[in-house]
Amino acid sequence: MVSDPSQTPPAGPAPGPCPEVSVVVPVFNESGAAPDLAREIAAAFAGWPVEILFVDDCSRDDTRERLAALKAEIPVLRLLAHSVNSGQSRAVRTGVLAARGEIIVTLDGDGQNDPADAPKLVDALRAGPPDLALVGGERVRRQDSAAKKIASRIGNGVRRRLLRDTANDTGCGLKAFRRDAFLRLPYFDHIHRYLPALMLREGYSTLFLPVGHRPRTSGASKYTNLGRLWASTSDLLGVMWLQSRARRPGPVAEL
């Protein structure tokens, strides 16, 4: 387990067979969506060596209680809880730090990502070359408002042009990546939108596959177009700076 001076990962469940895949789902005020999503994830990975980690980012509704009630129904479900609301990226990192699997799958907690698409991303990651560290989903037939789709298209275009990360849709929460590769990346808030660029910076390769997208049936979006623009501008400049300071040694030999 890689240590994080700012966060001690919670103790895992009782010792048992180590899962190959850890599904990490950050949630905040998703009482209406989270329980059914947990069941869908369990069904999608039925028969797999998997664990499912929901990270509650200090919800103000009963998300935490409703998920806790599912632990008897879904034995592979784990529930982690922040005591202070810290954002989606920190919730993802909390889950990754606590995860026991070598492969991490992330999904948004609002239910718009279809868990049935997740196994094919894992299969592609496992079948890829050794340097393949991330397989991301690219949403087709997005079920969002026109304003949100236009803002996303513009933002993705600007980001792809400046960072050259080859990703058409970094806003898709459905991703599969190698845990050890993720923990090599520098952490900052909103890092979840820049994983492809940061993986490339470390010398890894990435791949993207089309995935479905579903309408939100409960709750409310945690982002506005203006708020996302404000955050992404400073984040984009920061990632560009990180790219400019990257120096890779090439193959390393032990003598």
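The protein exposes about 12,700 Å², of which carbon and sulfur atoms supply 56%. The model is predicted. Buried residues account for 47% of the 255 residues. The fold contains eight helices and seven strands. Among contacts in the protein with a separation of 6 or more, 79% are between residues 24 or more positions apart.

**Nonpolar surface patch**

On the surface, I150, I154, V158, L162, L237 and M240 form a nonpolar patch, and together these residues have about 520 Å² of accessible area. Two or more residues of the patch come from each of α5 (146–163) and α8 (225–244). The element that gives the most is α5, with four residues. L162, one of the patch residues, lies in helix α5. Its relative accessible area is 35%, so L162 counts as partly exposed.

Q112 is found in the loop that runs between β4 (103–106) and α4 (118–127). Is Q112 buried or exposed? Q112 counts as buried because its relative accessibility is 6%, and buried means under 20%. The side chain of Q112 has a polar contact with the side chain of H213, and the Q112 side chain also reaches a backbone oxygen, that of R214. The distances are listed below.

| Group on Q112 | Partner | Distance |
|---|---|---|
| Q112 side chain | H213 side chain | 3.4 Å |

Technical notes. Residues are numbered from 1 along each chain as its sequence is written. This is a predicted model: local features need pLDDT of at least 70, side-chain atom pairs count only at pLDDT 80 or more; totals for chains, interfaces and linings use all residues. Side-chain values use heavy atoms; hydrogens and water are left out. Buried means under 20% relative accessible area, exposed over 50%, partly exposed in between (1.4 Å probe, protein chains only). A polar contact is a pair of N or O atoms within 3.5 Å; within protein, one must be able to donate a hydrogen and the other to accept it, and residues adjacent in sequence count only if both atoms are side-chain atoms. Contact means heavy atoms within 4.5 Å. Accessible areas come from the Shrake-Rupley method with a 1.4 Å probe; for residues, only the protein chains shown count as cover. Patches are made of residues with over 30% relative accessible area and no salt bridge: like charges are joined within 9 Å, nonpolar side chains (Val, Leu, Ile, Met, Phe, Trp, Tyr) within 5 Å. A salt bridge is a side-chain nitrogen of Lys or Arg within 4 Å of a carboxyl oxygen of Asp or Glu.
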